[in-house]
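Here is a short briefing on one protein chain. Keep the structure in view as you read.

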Amino acid sequence: MLSKEKLNRINELSKRAKTIGLTKQEEKEQQLLRKEYLQTFRNSFKNQLHSVTVVDENGNDVTPDALKESKKSQNKRMH
């Protein structure tokens, strides 16, 4: 998870960009922070998906094969 300080900085830079503009250094900082935020978000979302099992009304596991494979490959990386 991204720290509160980094999230605050992202918001601060966004507000500045809309009002007075950013320096080149601030633009680079904003890009790096956004990239880090998106990577953190994607990793968190993948972890959530890996905890999901899809079950039909009869109780059969109908989890998509792509998700099953992704879970397997994640488990291999963790061990």
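Two residues are in contact when heavy atoms of theirs lie within 4.5 Å. By that test, and leaving aside neighbours within four places in sequence, Leu33 is in contact with Lys6, Arg9, Ile10 and Leu13. Bear in mind that this is a predicted model.

**Overall layout**

- The protein chain has 3 helices and 0 strands.
- Along the sequence, the pattern reads α-α-α.
- Helix α1 covers residues 4-19.
- Helix α2 covers residues 24-50.
- Helix α3 covers residues 65-78.

**Dimensions and surface**

- The radius of gyration of the protein chain is 19 Å, whereas a compact globule of 79 residues would have one near 12 Å.
- Along the principal axes, the C-alpha atoms fill a box of roughly 60 × 30 × 20 Å.
- Buried residues account for 16% of the 79 residues.
- The protein chain exposes about 6,800 Å², and carbon and sulfur atoms supply 52% of that area.
- Take the contacts with a separation of 6 or more: 25% of them join residues 24 or more positions apart.

**Charges**

- The protein chain carries 17 positive and 11 negative side chains.
- The centres of these two sets lie 6 Å apart.

**The nonpolar core**

- In soluble globular proteins, nonpolar side chains tend to be buried together.
- Here the largest nonpolar core has 5 residues: Leu2, Ile10, Leu13, Leu22 and Leu33.
- Two of these core members, Ile10 and Leu13, are also on the contact list of Leu33.

**Arg9 and Glu26**

- Arg9 sits in helix α1, while Glu26 sits in helix α2.
- Is Glu26 buried or exposed? Glu26 counts as buried because its relative accessible area is 13%, and the cut-off for buried is under 20%.
- Arg9 has a relative accessible area of 22%, so Arg9 is partly exposed.
- Not counting residues up to four places away in sequence, Arg9 touches Glu26, Glu29 and Leu33.
- With neighbours within four places again left aside, Glu26 is in contact with Arg9, Leu13, Arg16 and Gly21.
- Arg9 and Lys76 are 67 residues apart in sequence, and their C-alpha atoms are 36 Å apart in space.

**Leu49**

- Leu49 belongs to helix α2.
- Beyond residues up to four places away in sequence, Leu49 touches Leu67 and Lys71.
- Leu49 and Gly21 are 28 residues apart along the chain, and 38 Å separates their C-alpha atoms.

**Ala66**

- Ala66 is found in helix α3.
- Ala66 counts as exposed because its relative accessibility is 61%, and exposed means over 50%.
- How far apart are Ala66 and Glu26 in space, C-alpha to C-alpha? The distance is 40 Å, and the two residues are 40 residues apart in sequence.

Definitions and conventions: Residues are numbered from 1 along each chain as its sequence is written. This is a predicted model: local features need pLDDT of at least 70, side-chain atom pairs count only at pLDDT 80 or more; totals for chains, interfaces and linings use all residues. Side-chain values use heavy atoms; hydrogens and water are left out. A nonpolar core is a set of buried Ala, Val, Leu, Ile, Met, Phe, Trp, Tyr and Cys residues joined through side-chain atoms within 4.5 Å. Buried means under 20% relative accessible area, exposed over 50%, partly exposed in between (1.4 Å probe, protein chains only). Helices (H or I, at least four residues) and strands (E, at least two) are DSSP runs, numbered from the N terminus. The radius of gyration is taken over C-alpha atoms; the globule rule is 2.2 Å times the number of residues to the power 0.38. Accessible areas come from the Shrake-Rupley method with a 1.4 Å probe; for residues, only the protein chains shown count as cover. Lys and Arg count as positive and Asp and Glu as negative; His and the chain ends are not counted. The place of a charge is taken as NZ of Lys, CZ of Arg, CG of Asp or CD of Glu.
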